[in-house]
Amino acid sequence: MFDFEVSAEMQALLGRYRDFMDREVHALEASAAGRSFSSLEPELAKVRDRARAERLFAPQVPKEHGGLGLSFREHALVSEVLGRSPVGHYVMNCQAPDAGNMEILHLFGTAEQKARYLSPLARGEIRSCFSMTEPENAGSNPTWLSTQAVRDGDSYVIDGHKWFTTSADGATFAVVMAVTQPDAPPYARASMILVPTDTPGFEHVRKISIMGHQGSGWASHSEIRYRACRVPVQNRLGDEGAGFMIAQERLGPGRIHHCMRWMGICERAFELMCQYAAKREVAPGKPLGTRQMVQDFIAESRAEIDAAKLLIHHAAWKIDKQGQYEARNEVSAIKFYAANVLQRVLDRAIQVHGGLGVTDDTPLAAWWVHERAARIYDGPDEVHKSALARRILKQHGLVVKAEG
Ligand SMILES: Cc1cc2nc3c(=O)[nH]c(=O)nc-3n(C[C@H](O)[C@H](O)[C@H](O)COP(=O)(O)OP(=O)(O)OC[C@H]3O[C@@H](n4cnc5c(N)ncnc54)[C@H](O)[C@@H]3O)c2cc1C
């Protein structure tokens, strides 16, 4: 039974988020088009201050750390509103990868780690990154890591090579996934270690250019070398060898957050497509929306967005009610389903806009460039489909092991 009612209190909160987005964030878009994230940061800092003043900041952060303490389902609703702008989540301090790092620090951090890393992160004073994927090994096989953290007295000495460490440029610390127990079973080999980015041996190699854009600051993805990078043993998050268990805690909610953000993008793209179809005439007195192929785009998009949203809300509801483990099928399904809906809706919206669709005069082109990766990060489509199908087949008596 799905329980999708939204309380009056939550409706009011969503109204305040919508109002703030219209007033403070969408208003910035015209002047932000084509500019780097770093050049926008001072303006965004002022908008963040106003979000703090209006008590909208950090919606997903527990109240004890200064946030609103929303449940997954509530945060999913807010995320859709914020997703309508490329910087909505950043403004509210619920952007990846910081949101996931806050989550694991809250769940697994020591009092000292919370004071040093979580508190300033939750206040939006610093940024962080998550450093797991390696160029030499397939990221879709998370147990295949070469980065090692070797115990030396009261320290770990980390050596390794990572890439796609999103937001490393300007981050204060990285959460590094490194092998600490090479002889343990595959899922017990790695630990998560907090590495301040000013630690000697933390080498920022480059910002990786993505489809022609190198990006900057929070909106960038870096290659990092860890060369004899020494940090105290107290910087380990959770138990030794618990890295994968913690990664699962981080990825389930993280996927819901991404999916709902994508629904915000879909709704905005859909709205832009409909507005343009209603006004752009292809012949005198004949707007695009009179053409059946465009009507097909609109109808298919509406149905697909609604279907994706129902699946996502159900997954968020299940996490709230039954926990992440019970919701893993739902989370796998929404990850690939919603990412593909996003891609199709964006493609149709661009097509309806014609040449305008590929310019930076609307947010569509930037989303097209930056959100193609949705079908790859946090598990490529194929990995989620395979995991879901194997779990379903198991219920029918067929045990299929993950291909290794
Ligand atoms: C924009 C972006 C941001 C990212 N941010 C981060 C970050 O902050 N931190 C971090 O650590 N990593 C990050 N990543 C890395 C991301 O998690 C990996 O790209 C992802 O896990 C896939 O790993 P890979 O790129 O090594 O692809 P591979 O593992 O080499 O896979 C390549 C392709 O093979 C196919 N494939 C893989 N497995 C199977 C299978 N079982 N069956 C069929 N086909 C399969 C899929 O199509 C996949 O896309 C980011 C990636 C991108 C693109």
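Colleague: Which helices and strands each supply at least two residues of the shell around the ligand?
Modeller: Keep in mind that this is a predicted model. Those elements are β1 (128-131), β3 (155-166) and α11 (381-395).

Colleague: OK, and which residues come nearest to the ligand?
Modeller: Met-132, Ala-138, Gly-139, Ser-140 and Thr-166 do, out of 20 residues around the ligand.

Colleague: Let's zoom out. How is the protein divided into domains?
Modeller: Domain 1 covers 8-107, domain 2 covers 128-237 and domain 3 covers 245-395.

Colleague: Which of the domains give at least three residues each to the ligand shell?
Modeller: Domain 2 and domain 3.

Colleague: And domain 1, how many of its residues are in contact with domain 2?
Modeller: 12 residues of domain 1, and they meet 12 residues of domain 2. On the domain 1 side, α2 (37-53) and α5 (98-108) are the elements giving two or more residues. The largest share is from α5, with four residues. By class, that side of domain 1 has five nonpolar, five polar and two charged residues.

Colleague: What distance separates the centres of domain 1 and domain 2?
Modeller: 27 Å, going by C-alpha atoms.

Colleague: Switching topic to α8 and α9: at what angle do their axes cross?
Modeller: Roughly 155 degrees, and the axes come within 9 Å. Here α8 is residues 292-322 and α9 is residues 328-353.

Colleague: So are they roughly parallel or antiparallel?
Modeller: Roughly antiparallel, because angles over 145 degrees count that way.

Colleague: Left-handed or right-handed crossing?
Modeller: Left-handed.

Colleague: Which residues meet there?
Modeller: From α8, Val-294, Phe-297, Ile-305 and Leu-311 are among them, and from α9 the list includes Val-331, Ile-334, Tyr-337 and Val-341. The contact has 15 nonpolar, two polar and five charged residues. Among the charged ones are Glu-304 and Lys-318 in α8, plus Arg-344 in α9.

Colleague: Now the backbone. Which peptide bond is cis?
Modeller: The one from Ala-96 to Pro-97, with omega near 0 degrees. Pro-97 is in the loop between α4 (88-91) and α5.

Conventions: Residues are numbered from 1 along each chain as its sequence is written. This is a predicted model: local features need pLDDT of at least 70, side-chain atom pairs count only at pLDDT 80 or more; totals for chains, interfaces and linings use all residues. A residue is near a molecule or strand if its C-beta atom, placed from the backbone, lies within 6 Å of it. Domain bounds come from an automatic or database domain assignment. Two residues are in contact if their C-beta atoms, placed from the backbone, lie within 7 Å. Axes are lines fitted to C-alpha atoms, for helices over the stretch in contact, and angles run from 0 to 180 degrees between N-to-C directions. Angles under 35 degrees count as roughly parallel, over 145 as roughly antiparallel, 65 to 115 as roughly perpendicular and the rest as oblique. A crossing is left-handed if the near helix is turned anticlockwise from the far one by less than a right angle, and right-handed if clockwise.
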